[in-house]
Amino acid sequence: MKHIITLETRDMEQSAVKGGCGECQTSCQSACKTSCGIANQQCENKEQ
Amino acid sequence: MIHQYQMNGYNIVIDVNSASVHVTDELAYDAIRLLDNGADEQEARRELMIFHPEASADEIDDTFSDIRELISSRRLFTEDVFRSAAGVLKERSTVVKALCLLVAHTCNLNCEYCFAAQGKFKGGEGLMSFETGRRALDFLIENSGTRRNLEVDFFGGEPLVNFDVCKKLVEYARSIEKQHNKNFRFTLTTNGVNITDEVIEWANRECYNVVLSLDGRKEVNDRFRVDLGGRGSYDRIVPKFQKLAAARGDRNYYMRGTFTHYNTDFTNDIFHMADDLGFTELSMEPVVTDPGDPCALTEADLPVLYEQYELLAKDMLRRERDFRPITFYHYMLDLQHGPCIYKRISGCGSGTEYMAVTAWGDLYPCHQFVNDPEYRMGDVWNGVTHPEIRDSFKDCNVYTREECSRCWARLYCAGGCSANALHAAGDIHGVYEYGCKLFRRRMECAIMIKVAEADMKARGIPFKNNDDKEVPRIE
């Protein structure tokens, strides 16, 4: 493509097939405690 | 749904439903905007020729060809195909995988802005006994199903006021985790006053993460973080934090500060912790308090805070090019291996996967609901005796919050904090709009950093980032 560059990102539809194991960290448990975000959580599913 | 913004010289386009990130030239940026505003390709083409008289017909053709390619590969203008999963989430059976143990409802500091009211949570003082803590760990194992990784945070108040119990609880957990096929991950959140060599050795051996509370510059920290005699804590805690962080090696820790209306120039506090004190793992949170509190952040502060977040992002890139990177908790983003869609739409887990346990063994949806009688869920001996509270939290996700359905950042935040929503909107199913505004800005900055890193990589510019995340490739 000449006008658009796309960054490689996780395929959300595929993640619906293999995701949901629940082993990842609880959002608030790591450093914030007063706000919420999941973007900085690592997926722990090695078969993703 | 599309979100477009320009930052640090980049034109960034996010396709919300696929979480795709694109970087475009001006021509494609405007073409996508026109299409997103409802124009068909012919109308958009006409408008584009007016906006960009310098562009040739071939260039415009190529631009629309790129866009069509992304649409056909389901990376642009995608439909939301996940809404149906929200119903499944509501009906799901959940397991508990994380507990916040309030081992001390008391504190050796007296920080005025403390949401926990110095650990008393608007109730009485008290320390958790080993027996109560042990029962809490048993409760966690019994209710965690097949989940292997279990998180336990020593919190308060100040947990090190009750250090002996923390140590015994870790010993107990280690003695039983293998037989139950569990892996306990402990976090210590401390104000630092009681850190000793023994605490450092213990925390670095046993704790997966350590959260160290420091607000930044001495005058900023000591405005609120004072002892019971009103004396600032900075001089006492900083050397201890430095010793702990130095001994920690590669293990996780965060310097965790709070900024308020009094230090909206909070990047100076982050830079102080990085440059003057030598910390590299940093987190800085906006204060959560009553809007009438003089330290509460105001609408007028917002433009300043937006600018601060952008300044921080650009400065972090400068540090990466200088091979002296720092981590900012809210800019950690793994575009390739981040959370699956279930995590992204299902909320933070409070009241379902995550609960707070008081010193007396009572269960609350999270640490921010403690001592609110409406939200007492049960206790560690009898389990959840008010399942209706759990069900109400189970129903919190990005599709049950109407505001989220209009928000481009929903798959990066999963619907936000229920406690903040309750305090701001009177309902756990509401939103805390001020926090949402700051969150969206942080996500724009975090994504811009990833775009810039990919750009530097493509252009062969050497740099080093600090978040152990792979730099996303350009496809």
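Let me start with how two helices of chain B cross: α1(B) passes α3(B) in a right-handed crossing, and please keep in mind throughout that what you see is a predicted model. The helices concerned are α1 of chain B, covering residues 26–36, and α3 of chain B, covering residues 57–72, and they pack with their axes 10 Å apart at an angle of about 60 degrees. Since angles from 65 to 115 degrees count as roughly perpendicular and those under 35 as roughly parallel, that angle makes α1(B) oblique to α3(B).

Which residues meet there? On the α1(B) side they are B:L27, B:A28, B:A31 and B:I32, and these meet B:E59, B:T63, B:F64, B:D66 and B:I67 in α3(B). Sorted by class, this contact of α1(B) with α3(B) has six nonpolar residues, two charged ones and one polar one.

Now to the two chains together, where 40 residues of chain A are in contact with 74 residues of chain B. On the side of chain B that touches chain A, the most is given by helix α17 of chain B, residues 433–458, which contributes seven residues. That side of chain B, taken by class, has 36 nonpolar residues, along with 19 polar and 19 charged.

Finally, strands also link the chains: β1 of chain A, residues 4–7, runs antiparallel to β3 of chain B, residues 20–24, and four bridges join them. To give you one pair to find on the screen, A:L7 has B:V21 as its bridge partner in β3(B).

Note on methods
Residues are numbered from 1 along each chain as its sequence is written. Chains are lettered from A and ligands numbered from 1 in the order in which they are written. This is a predicted model: local features need pLDDT of at least 70, side-chain atom pairs count only at pLDDT 80 or more; totals for chains, interfaces and linings use all residues. Two residues are in contact if their C-beta atoms, placed from the backbone, lie within 7 Å. Ala, Val, Leu, Ile, Met, Phe, Trp, Tyr, Cys and Pro count as nonpolar, Asp, Glu, Lys and Arg as charged, and the others, Gly among them, as polar. Two strands pair if DSSP finds at least two bridges between them. Axes are lines fitted to C-alpha atoms, for helices over the stretch in contact, and angles run from 0 to 180 degrees between N-to-C directions. Angles under 35 degrees count as roughly parallel, over 145 as roughly antiparallel, 65 to 115 as roughly perpendicular and the rest as oblique. A crossing is left-handed if the near helix is turned anticlockwise from the far one by less than a right angle, and right-handed if clockwise.
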